[in-house]
Amino acid sequence: YFFFFLMIRRPPRSTHCISSAASDVYKRQIFMQLVITGGEASHECFATMCKVLKTNKTLEELYSSLMKEGIISVSETLKASRTLTYLGVSKRNLLPECIEAVGEMLKVNKALTHLYMHDYDLRCESAKEIAEALKINKSLTSLDIHYNYIDHEGIEAICEVLKTNTSLIKLNFNDNNITLEGIKMICEGLELS
């Protein structure tokens, strides 16, 4: 079962699966926010969702608990997105190739301003991947990576970016493995930004 919440001018005809709901929205081209949670989607569902993302000119926000294939497909599609400004994803135990796909998307996407990766089981290497992308990305203003397992080294990598990335103005590290040394690094990064 999937839960859909679509912020649109009028409701879609069908929300039985991602494919039918996404196809309906694709035809109407009027929605601004899409929330998809629960269940396991098929490759066909991800393909339909990506087709919508490629052509829709009004979608601003996407929230989902995507699995590996979904994150990689959506990240690839969002490389060219000009309207999506908010991506909220949440799912435990992501594989490194998922974070790599998000990092590669961040390097070229110029529209995304908010990235929310709550409860993704992100660790040090994931934080370093995101930090590398933020050296290039100048459009992201808000990064929410709370409730993960980012440690001292991951915090250090992101704080190093704060020294040069002036577009990032909101950063949520809440509920990570932050030590007193990590708090000092965050303060130093903020002081120099």
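Visitor: How many salt bridges does the count come to by the rule in use?

Guide: The count comes to seven salt bridges, a salt bridge being a side-chain nitrogen of Lys or Arg within 4 Å of a carboxyl oxygen of Asp or Glu. This is a predicted model, in which local features need pLDDT of at least 70 and side-chain atom pairs count only at pLDDT 80 or more, while totals for chains, interfaces and linings use all residues. Residues are numbered from 1 along each chain as its sequence is written, and side-chain values use heavy atoms, with hydrogens and water left out.

Visitor: Why is the contact between K107 and E104 called a salt bridge?

Guide: The closest N and O atoms of K107 and E104 are 3.2 Å apart; the limit is 4 Å, so the pair qualifies. Both residues lie in helix 4 (residues 96-108), three residues apart, about one turn of the helix; helices are DSSP runs of H or I with at least four residues, numbered from the N terminus.

Visitor: Why is E125 called exposed?

Guide: E125 has a relative accessibility of 54%, so it counts as exposed. The side chains of E125 and K128 meet in a salt bridge (3.7 Å, N to O), and E125, K128 and E153 are linked in a network of salt bridges.

Note on methods: Helix = DSSP H or I, 4+ residues; strand = E, 2+ residues; numbered from the N terminus. Buried < 20%, exposed > 50% of the residue type's maximum accessible area, 1.4 Å probe, protein only.
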